[in-house]
Amino acid sequence: MENKNKYWKGIEEAEQHPEFVKSKGNEFSDALPIEEMLSTLDDDLSANRRDFLKFFGFSVSAVALAACNKASVKYAIPYIEKPQNVTPGNPNYYASTCASCNSGCGMIVKTREGRPIKLDGSNESPVSSGALCATGQAGILTMYDINRLANPLENGDEQTDWAKIDKKIISKLTSIAATFGAIRIVTSTNNSPSFAAAVNLFKQKYPTTELVTYDAVSYSGILIANEKSFGKRVIPNYNFEKAEVIVSFGADFLGTWISPVEYTKKWVKNRDPKNGKMSRHYQFESILSLTGSNADIRVPMKESKEGIYVISLYNEIAKLAGVAQLAVTQNAELAGNQIKNSAKELFNAKGKSLVVSKSNNPEIQTVINGINMLLGNYGTTVDLDNYSNQSKFIEADFEKFVNDLSTGTVKGVVFVNCNPVYSYHNSAKLSEGLKNAELVISTSISKDETSKFAGYVCPDNHFLESWGDAEPKNGLISFTQPTISPVFNTRQVIESLLTWSAVMPENAKAYNFIKSNWASSGEDVWNKSIHDGVLLKPELTVTIPSFAANLSDSVSKIVSSLPKSDTPELIIYQKVGVRDGSMANNPWLHELPDPVTKVCYDNYLSISKSDAEKNGFEQNDVVNISINNIRISEIPVLIQPGQAQGTYAIAMGYGRTESGKVGKNLGKNVFPFVKTENGSYTYNISGPISFEKTRKNYVLAQTQTHHTIEGRDFIREASIGQYKKNPAVKNENKLNLISLWEEHDYTKGHKWGMAIDLNKCTGCGSCVVSCHIENNVPVVGRDEVILRREMHWMRIDRYYSFYDDGTILTKEKKLNKVDASVYDNISVVNAPMMCQHCDHAPCETVCPVLATTHASEGINQMTYNRCIGTKYCANNCPYKVRRFNWFKYNDNDKFDYHFNNDLGKMVINPDVTVRHRGVMEKCSFCIQKIQAGKLTAKRENRKLVDGEIQTACSSSCPSGAIVFGDKNDPNSQISKLFRDERSYHMLDEVGIKPAMMYMTKIRNTDTTI
């Protein structure tokens, strides 16, 4: 399979910028203090060889002695009365539900001695199917955040107790209700049956109460369109696994759109080329999203033109179906005929295709519904009966609430799990309106922009401290149970509402109230549901709905709202980690490199290479941006390959003014740019955009070229047609090398290995965060990342590529001077990279103190108390996967990322050593999990079962791209993958025999029409 693609991680690498060339040759940029050392010598160096050796001899010895002598003494205190079901050293596991976003993924919580230390997806939940996203993984740290509120507050920062605050709140609520003043409970999308029951009791006590839903990110366009089309205000259940052809207009369903873990699990089921067939995925989008980077065919498109593209797609399909087309006054720009091509493929896969859109315009979504109806997708890939409850926000309801606040109609407000003063586009109007209310209550777990305006702050429990239930999908009940007693003097919102409703104290307890709501199911069903974490009701029979919408009316509204000229536009989007900013104080999410841009800690103005040249912008320039009298000052520029010309993008979730130390004043808040169009919020703003380039420069913490592999043969990919012709992957560079090592016999016992399928890896970063948590990897902060000192044990190398037709590369394989438009549409491959545990590991031969050695089961080991930090091993590693501790990162006020206080340290995994300054570290294949699995099998007098031991990365991967196991078991999945014709070793020609296999990336790009 000949591959003529040119691979590169960043434009600076592709064009070989002088700064890049200089930096890549200096892996450890901090120089040794030679001058300082020489100044201590009295005589000429040439005449003082003894002092020279004495100085360096003492330096090496001192480091070794420091590692032995400076360990603090810690005492193990035994239980006087051991808690039931707690055995020191043994973990306990509990089923629960993640609440880091609205997806409602089922999860398994690992606890040690009564404290949660790790979250993983539950196999019982159809939403998570055994995986959690990066945001869900990181949710555990918000519980151990020292910035959480420890007590209820009144009048700003005055701490009080629950009895006093309840008395005052009940008095005010009673007074407001007696004078018929309106009371509003404002909450993010809440699909809990028990919460709804508690709200009903609250309404009975205070009849002027209404529930208002507010989400920072709106999907109301889909809700309203389905109500118009089918009479159901719901989000469908999208069955990506049943689709042979997928067309997405900007919907990042693998990254941030509605339920990404669920959709990733479904999407990947049709991405195995083994049977010679894969789904075809088209992505039309403006910015390069995670989903777009994984599409077979990606077409850059200005979002303002999406409406005309969607209408054109409908007409092309209607033409094939022999039905009436929609009248449209504008011709669609067919983006290289891909609209016609996708229409033909969709039509050929009727009933087994799917069209989705991220647009929040109800009229565009109505046309999308019409397309899926034409294709016969309802009842197969689109299910309106077993629908989603993951978003219920309707803008009109919230806008009415804001207006009622301004007029003084609303007298009492209770904010639950939302922060509209930060994320509502007209925050000033809302803030002024809140001053008119007699009672404002916030239930935020920490101070935020909304709680600043609350007279009473009644902090909620963290979801790991709570009882609860949720119904993310119709018929799927997912339960939450506490895995630790409340860390602070907080109280669940459901208990607060019941207390203020004068419910008897015993009945107001969350456990008692929730259990009573499910009493009709019986005690056995309740106990099993809590144990499993889910209650699955029988799925409803899928029906084919009748389409009632007037498409001509929708087309008319779409055309009338199109920009009058080809003006630039701003795209507001969610990053995979930080999302809407509600977890802005979580350092794990900030340190996670964005899957596409590889930037940590900031948002930025993302622009295409063409637009950068047109505007005279360079990477890291600082600019001011103004739209419709709204201004953002001093935001850095990032030049992003794959972005459509004429589009500019900024991520939401930044610019928090009331947050903990990590998130406060980090980045810029772009929510003020959001506007209303056709009754729904739009995150695409067209119109005059003015830029003002400042003289400042702001270096972004971008990791994409930190570990450059010098153009070596890392990535292999082919089309499905090439794969069918020649499934075997051959490395033309492989030589018959003679080994210098004496071969070890690994046939006895276990031989651990890992396989990574590049066809399944989406690059989402869940594995990176999971590894970070499991192995106590330190957070180093923005400044250290800029110095290339990030500590992630595993990274996801994101490679851009374009096909070289002979005009892009010179004979010396350097980039010709080409038009900037060559960067507008590129391909992407994601390759997870960690220690390869080579049998002939080059790191082991250069370590002077045998700190890195090879185990009998094939694992490359690190002995931390031997390591003296020479960094020879990192320099000799061809994969660049070793990390050096430049500082002691815990108990260090310069690195205040929750791990220099006792509360933050509660998340530390006790089975993994916390490393000290001056030692090297890297992936261990989660040796602690291997040992635990082996000991369990030994106690139970049995052999290990394939799949029983999972590393942190393999257990968290939503797409199942990472497989770990015993290569000595011929029937194991890992053994089968090692024998697969797509498998190959990265840098096989070096002869170091990695314990990892990668599987060739296959794209379904061959023309079939």
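Me: What makes the crossing of α6 and α17 right-handed?
Reply: In this predicted model, the test is how the near helix is turned relative to the far one: clockwise by less than a right angle gives right-handed. The crossing of α6 and α17 falls on that right-handed side.

Me: What makes K352 and E244 a salt bridge?
Reply: The rule wants a side-chain nitrogen of Lys or Arg within 4 Å of a carboxyl oxygen of Asp or Glu. The closest N and O atoms of K352 and E244 are 3.4 Å apart, so the pair passes. The two residues come from distant parts of the chain, 108 residues apart: K352 sits in the loop between α12 and β13, and E244 in the loop between β9 and β10.

Me: Are K352 and E244 buried, exposed or partly exposed, and why?
Reply: Buried means under 20% relative accessible area and exposed means over 50%. K352 has 41%, so K352 is partly exposed. E244 has 26%, so E244 is partly exposed too.

Me: Where do D553 and K557 lie, and what makes them a salt bridge?
Reply: Both lie in helix α21 (residues 551-560), four residues apart, or about one turn of the helix. In general, an α-helix has 3.6 residues a turn, so residues three or four places apart point the same way. Here the N to O distance is 3.5 Å, and the limit is 4 Å. D553, at 33% relative accessibility, counts as partly exposed, as does K557 at 34%. Both also belong to a network of salt bridges that links them with K228 and E363.

Me: How do you know that D757 and R982 form a salt bridge?
Reply: Their closest N and O atoms are 3.0 Å apart, and the rule asks for within 4 Å.

Me: Why is helix α8 called largely enclosed?
Reply: Eight of the eleven residues of α8 (residues 220-230) are buried, so the helix is largely enclosed by the rest of the structure. The buried residues are S220, G221, I222, L223, A225, N226, S229 and F230. Among the elements that cover them are β9, α13, β14, α14 and β28. After α8 comes G231, with a positive phi near 75°.

Me: What percentage of the whole protein chain counts as buried?
Reply: Of its 1009 residues, 59% count as buried. The secondary structure of the chain comes to 31 helices and 43 strands.

Key. Residues numbered from 1 in each chain as written. Predicted model: local features only at pLDDT ≥ 70, side-chain atom pairs only at ≥ 80, totals over all residues. Heavy atoms only, no water. Buried < 20%, exposed > 50% of the residue type's maximum accessible area, 1.4 Å probe, protein only. Contact = heavy atoms within 4.5 Å.
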